[in-house]
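Please look over the structure below.

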Amino acid sequence: MGPRKAGEREMLESVYSMIALVFVLVACVELCDAATVVDVYRLIQYDISGVPFGSRLAALNHHAGSLHFAPGADLSRTVLIIPVRDLDISFVKEYITQRQPLGGLLFLLPQMFSFENRDDTKSSHVNQGELLKTVVAELEQILIHAKIPYPVYFAFEDDDIDAVLADVKRNDAIGQPATATTGGFKLVVSASEPKKLASPTITNIQGWLPGLKTDGDASQLPTIAIVASYDTFGAAPALSVGSDSNGSGIVALLEIARLFSILYSNPKTRGRYNLLFGLTSGGPYNYNGTQKWLRSFDQRLREGIDYAICLNSIGSWDNELWIHVSKPPENAYIKQIFEGFSNVAEELGFEVGLKHKKINISNPRVAWEHEQFSRLRVTAATLSELLTAPELLERTGGLVDSRHFVNETAIVRSVKLVAESLARHIYGHQGKNIQIFADDSVLAVNPSYIRSWLDLLSRTPRVAPFLSKNDPFIMALKKELEDHTNEVNVQHEVLDGMFTFYDSTKARLNIYQVASVTFDLLLLLVLGSYLIVLFSFLVITTRGLDDLISLFRRPPSRKVKTA
């Protein structure tokens, strides 16, 4: 009896192990067929004075759907994959502004919007991209000004995700959307709950080119400030590179510093003006960094600033730039600045217009960087291709502000305009047709220098709360200013408490091809039938048919004897 029972036990254990293995395999059918893995970029999550905006979740685990879903379908557990090429703004407005239930959104951006794309910027797809810019910019404004209770991600089109979308569209078109019953594709992002960024810092960088004092001159030399804000804001912080806003302004400032460092390195050509270069942070947030930077100056330094020129979005224009001011055009200083710029622009073959906008001291909204100077009674102006001031968090380096839509020739012309105008003012050359920074001279504007920095800026996301104090980009700016100016200082400040930001800006999206429950049940039935046949065969061959039948025969009942 002992050996026989041991054999039976081993046989039964083998069968049970096989059955357990089948159940494990069936349970894993839904999880073991990964179609592709892609990088995705989460919609920004932030608060303004405690009011929540943007996407409030990061984790994702729902079936994929397309815009071909049936009318009235329940999308509360569906992630819609939407190529921006096929974007219907009215649909987005309906589902977001009316708070329609969704499991999530995944927007597919063309490769031309990617800062990793190295295609020729003059290729034909740029013209096609111009048609998309307006739509994407409108989408971005809708997303960042709404509170969205589900995850929203961006990804770039590629062959893998396009193939997945084609399958999803095909199933939706024939009325078989992805569900637990029908199968399809499942989108999974494993991410923890986003956390608040504690005490986000902003960093200002400044450098000096001191002017030349004559012997016995104890008076303070006047100062001209050239300023540009370097940070950005966009729907996806990990994609917000701001090639034009304000990458173009940063590049122009660095090139102007390089040109004047050559002049100021020789006492014979050093002007009797100090030049102050400021790279400021917090630009999208009412130029919060500029305000803190200016308030750190002592009164003597502030009063010594003759005027400041702020550079903002000067990399995408054709024939006209604008000088924005807060003081009336009749003001003597404003007239002097405008006339100087106009004369140089005329020689260079384009126009400069003047736009006056009064500021309301009681209104915390700061539309232009020069307004922070004006609030402290310092004459200042902003040079920009923009005719009107953008709204809060608008045109600050969003999804469409990529390298493909910036013309480095426009930046070269902007640099020539500013450098030549400043030089004529510094050296007292009021006449026309005087080229201090003439082409083919040692003082010529360097297009290669501009191109290299523009390329770097166009692949460096710069949303201020996500840049640490010692971020490599900030260190690179500091080093570059040190190469061209003196007394370079770095100022770290806490971003105004009005804004709160959350982490989790980038993730990996796993796209799984899942089988339907019907398929799972059919597979289980087939395997179960196979195991029953196998079990029967083993019992018959080892113990005989009678023993197999006895396994299914009802055992005789036992009567309990009572006392």
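## Helix packing and a loop residue

Helix α5 crosses helix α11 in a right-handed sense (right-handed: the near helix is turned clockwise from the far one by less than a right angle). The contact (heavy atoms within 4.5 Å) involves Gly247, Ile250, Val251, Leu254, Glu255 and Arg258 of α5, and Tyr449, Ile450, Trp453, Leu454 and Leu457 of α11. By class, these residues are 8 nonpolar, 1 polar and 2 charged.

This is a predicted model, in which local features need pLDDT of at least 70 and side-chain atom pairs count only at pLDDT 80 or more, while totals for chains, interfaces and linings use all residues. Residues are numbered from 1 along each chain as its sequence is written, and side-chain values use heavy atoms, with hydrogens and water left out.

| Helix pair | Axis angle | Axis distance |
|---|---|---|
| α5 (residues 247-264) and α11 (residues 447-457) | about 145 degrees | 9 Å apart |
| α8 (residues 332-348) and α10 (residues 408-427) | roughly 130 degrees | within 9 Å |

Helices α8 and α10 are therefore oblique to each other (angles under 35 degrees count as roughly parallel, over 145 as roughly antiparallel, 65 to 115 as roughly perpendicular and the rest as oblique). The crossing of α8 with α10 is right-handed.

Arg56 sits in the loop between β3 (51-55) and β4 (60-65). Arg56 is buried, at a relative accessible area of 17% (buried means under 20%). A polar atom of the Arg56 side chain lies 3.2 Å from the backbone oxygen of Tyr46. Beyond neighbours within four places in sequence, the residues in contact with Arg56 include Arg42, Asp47, Lys147 and Tyr502.

Key
Axes fitted to C-alpha atoms, helices over the stretch in contact; angles between N-to-C directions. Helix = DSSP H or I, 4+ residues; strand = E, 2+ residues; numbered from the N terminus. Nonpolar A, V, L, I, M, F, W, Y, C, P; charged D, E, K, R; others polar. Buried < 20%, exposed > 50% of the residue type's maximum accessible area, 1.4 Å probe, protein only. Polar contact = N/O pair within 3.5 Å; in protein donor to acceptor, adjacent residues only side chain to side chain.
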